[in-house]
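Let's take a walk through a protein model together. Have a look at the sequence and the structure first, and then we will go through some of the details.

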Amino acid sequence: MSTPRWSTRRHGAVTTDAAAQAYNSLTIEMAEDEDYDVEIAADGLLVRGRLFAFLEGDDLVVELPEARARDLKARGVAFAFRAAGRPSRDWVRVSDRQLWPELAREAHTFVGEPAVGGES
């Protein structure tokens, strides 16, 4: 497998080598896992053509159900991701690299599931 190609700089945030290596490992792990259909894009990780996780600075940014994102923020595990200057309800930033695999998988499941009635 070739090394994923993605930008280490989004919106002016600079990524350290340690975060880049952790993200690279996560990307390879998810791409090689047969249970996940992950596409590696310059902007981040995609499922069914939809972005579910990306690296910004030293944080992994993931899209989760609003209630889960709210819970993680309330417990100080994650922080609001600001898109176009406004905090997002579903997208959160996570700096604890030990949580990245778990939360990336949650985001993959959340984003990758078809809408109710969408496959009938």
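Glu63 has a relative accessibility of 10% and therefore counts as buried, a word used for anything under 20% relative accessible area, while over 50% is exposed and in between is partly exposed (1.4 Å probe, protein chains only). You will find Glu63 in strand β6. Helices (H or I, at least four residues) and strands (E, at least two) are DSSP runs, numbered from the N terminus. Leaving aside residues up to four places away in sequence, Glu63 touches Arg50, Leu51, Phe52, Asp90, Trp91, Ala107, Phe110 and Val111; contact here means heavy atoms within 4.5 Å.

A word on what you are looking at: this is a predicted model, in which local features need pLDDT of at least 70 and side-chain atom pairs count only at pLDDT 80 or more, while totals for chains, interfaces and linings use all residues. Residues are numbered from 1 along each chain as its sequence is written, and side-chain values use heavy atoms, with hydrogens and water left out.

Now turn to Leu45, in strand β4. Its relative accessibility is 0%, so Leu45 is buried. Among the residues that Leu45 touches, not counting those up to four places away in sequence, are Tyr23, Thr27, Met30 and Phe52. Thr27 is 18 residues from Leu45 in sequence, yet their C-alpha atoms are 7.5 Å apart in space.

Next come two helices. The axes of α1 (residues 17-32) and α3 (residues 100-112) come within 11 Å and cross at roughly 50°; axes are lines fitted to C-alpha atoms, for helices over the stretch in contact, and angles run from 0 to 180 degrees between N-to-C directions. The two helices are therefore oblique to each other, since angles under 35 degrees count as roughly parallel, over 145 as roughly antiparallel, 65 to 115 as roughly perpendicular and the rest as oblique. On the α1 side the contact is made by Ala19, Ala22, Tyr23, Leu26, Glu29 and Met30, and on the α3 side by Trp100, Pro101, Ala104, Arg105 and His108.

Which residues of α3 are buried? They are Trp100, Leu103, Ala104, Arg105, Ala107, His108, Val111 and Gly112. These buried residues pack against α1, β4 (44-47), β5 (50-56), β6 (59-63), α2 (66-74) and β8 (86-94).

Finally, visit two loops. Arg48, between β4 and β5, has a positive phi of about 55° although it is not a glycine. Ala84, in the loop between β7 (79-83) and β8, also has a positive phi, near 55°. Arg48 is exposed, with a relative accessible area of 51%, and Ala84 is exposed, with 83%.
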